[in-house]
Amino acid sequence: MTTSEVPFRILPKLTERNAHFWQGGRDGELRFQRCQDCGYYLHPPAVICPRDWSRNIGIEAVSGRAEVLAYSVNHQASSRRSCSRSWAASSRTTCASPPTS
Ligand SMILES: [Zn+2]
């Protein structure tokens, strides 16, 4: 694959709330927010736990092992002048277990 064949990707805008997730790969970790009161994993990132309304949210690395329940493929025009398309996929998991050592 040549450089011109590498798909163009728009990088996400890093914020204080999402940097742990996007930069975790650089450090070899999959990181999610987790409610420190009830243990619920939050994704996408949020400021409050949807389960118990706690604001006691921490960042934790997980193993990456989980069961995929569903996924979506989103198509988006790469520019207003072009009909070419790019795609992204996401998945949702049943749980995110702590990393094993
Ligand atoms: Zn909670």
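Glutamate 60 lies in strand S3, which spans residues 57–62, in a model that is predicted. Because 17 other C-beta atoms are found within 10 Å, glutamate 60 is classed as partly exposed; burial would require 20 or more such atoms, and exposure 12 or fewer. When neighbours within four places in sequence are left aside, the contacts of glutamate 60 are Arg31, Phe32 and Arg34. Cysteine 35 stands 25 residues from glutamate 60 in sequence, and the C-alpha to C-alpha distance between the two is 9.8 Å.

Strand S1, formed by residues 30–35, pairs with S3 in the antiparallel sense, and six bridges are found between them. Strand S1 also runs antiparallel to strand S2 (residues 41–42), to which it is joined by two bridges. Arginine 34 has a bridge partner in each of these strands: glycine 58 in S3 and tyrosine 41 in S2. Five residues separate the strands in the hairpin of S1 and S2, where glycine 39 adopts a positive phi near 85°.

At the level of the whole chain, one helix and five strands are present, arranged along the sequence in the pattern α-β-β-β-β-β. The chain comprises 101 residues, of which 4% are buried. Of the contacts between residues at least 6 apart in sequence, 40% link residues at least 24 apart.

Note on methods
Residues numbered from 1 in each chain as written. Predicted model: local features only at pLDDT ≥ 70, side-chain atom pairs only at ≥ 80, totals over all residues. Helix = DSSP H or I, 4+ residues; strand = E, 2+ residues; numbered from the N terminus. Contact = placed C-beta atoms within 7 Å. Pairing = 2+ DSSP bridges.
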